[in-house]
Amino acid sequence: MDDLPTAEDVVQDVFAALYRRHGERLAGLNNPDAYLRTSLVNTSRSVLRRRRTVRAHIPEREGHAPSAEEPVLLREEHGEVIAALRRSIRRQREVLVLRYWSHLGEARIADSLGLSRRAVKSTASRALAAPRRELEASR
């Protein structure tokens, strides 16, 4: 079974069905233990089969539907950011690309570019500040 409460429910249902069919006396059964075991296995399989079918047919949630103008606005904004980055000096672009596109930490960037960690921090700070000022001025 998938979970304990469902297994407990199956066992209870099987015992209740056995009691309804045969009452307090199980004299009509040749092997009550085997009958009970078989009932448990069959009922468990039935529950799991039903659960698998239900899970297979659950409709997917509708995700976020972007507005019609969102892709255009994003492209325009990204274009402004890329243009601002192109205007920055080469070392600043390298630091930003390694940090945000390659997801490297300061130590790895410093090793890659042959800089100190302090130089990486200050270069990244200046690299982010210049385009930000340009973008704020243009708005």
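A residue is called buried when its relative accessible area is under 20%, and exposed when that value is over 50%. Keep this cut-off in mind for the tour of this predicted model.

**Stop 1: the whole chain.** Select everything. By the definition above, buried residues make up 19% of the 139 residues in the chain. Turn the view along the principal axes: the C-alpha atoms fill a box of roughly 95 × 40 × 15 Å. The radius of gyration is 33 Å, while a compact globule of 139 residues would have one near 14 Å.

**Stop 2: the helices.** Switch to a cartoon view. The chain has 6 helices and 0 strands, and reading along the sequence gives the pattern α-α-α-α-α-α. Now consider contacts between residues at least 6 apart in sequence: 50% of them join residues at least 24 apart.

**Stop 3: the surface and the charges.** Show the surface. The chain exposes about 11,100 Å², and carbon and sulfur atoms supply 52% of that area. Next, colour the charged side chains. There are 26 positive and 19 negative ones, and the centres of the two sets lie 6 Å apart.

**Stop 4: Gln92.** Select residues 90-101, which form helix α4, and find Gln92 within this helix. Is Gln92 buried or exposed? Gln92 counts as buried because its relative accessibility is 11%, and the cut-off for buried is under 20%. To see what Gln92 touches, select Thr123, Arg126 and Ala127; these are its contacts when residues up to four places away in sequence are not counted.

Terms used
Residues numbered from 1 in each chain as written. Predicted model: local features only at pLDDT ≥ 70, side-chain atom pairs only at ≥ 80, totals over all residues. Heavy atoms only, no water. Helix = DSSP H or I, 4+ residues; strand = E, 2+ residues; numbered from the N terminus. Rg over C-alpha atoms; globule rule 2.2 N^0.38 Å. Buried < 20%, exposed > 50% of the residue type's maximum accessible area, 1.4 Å probe, protein only. Contact = heavy atoms within 4.5 Å. Areas by Shrake-Rupley, 256 points an atom, 1.4 Å probe, with all protein chains shown as cover. Lys, Arg positive; Asp, Glu negative; His and termini not counted. Charge placed at Lys NZ, Arg CZ, Asp CG, Glu CD.
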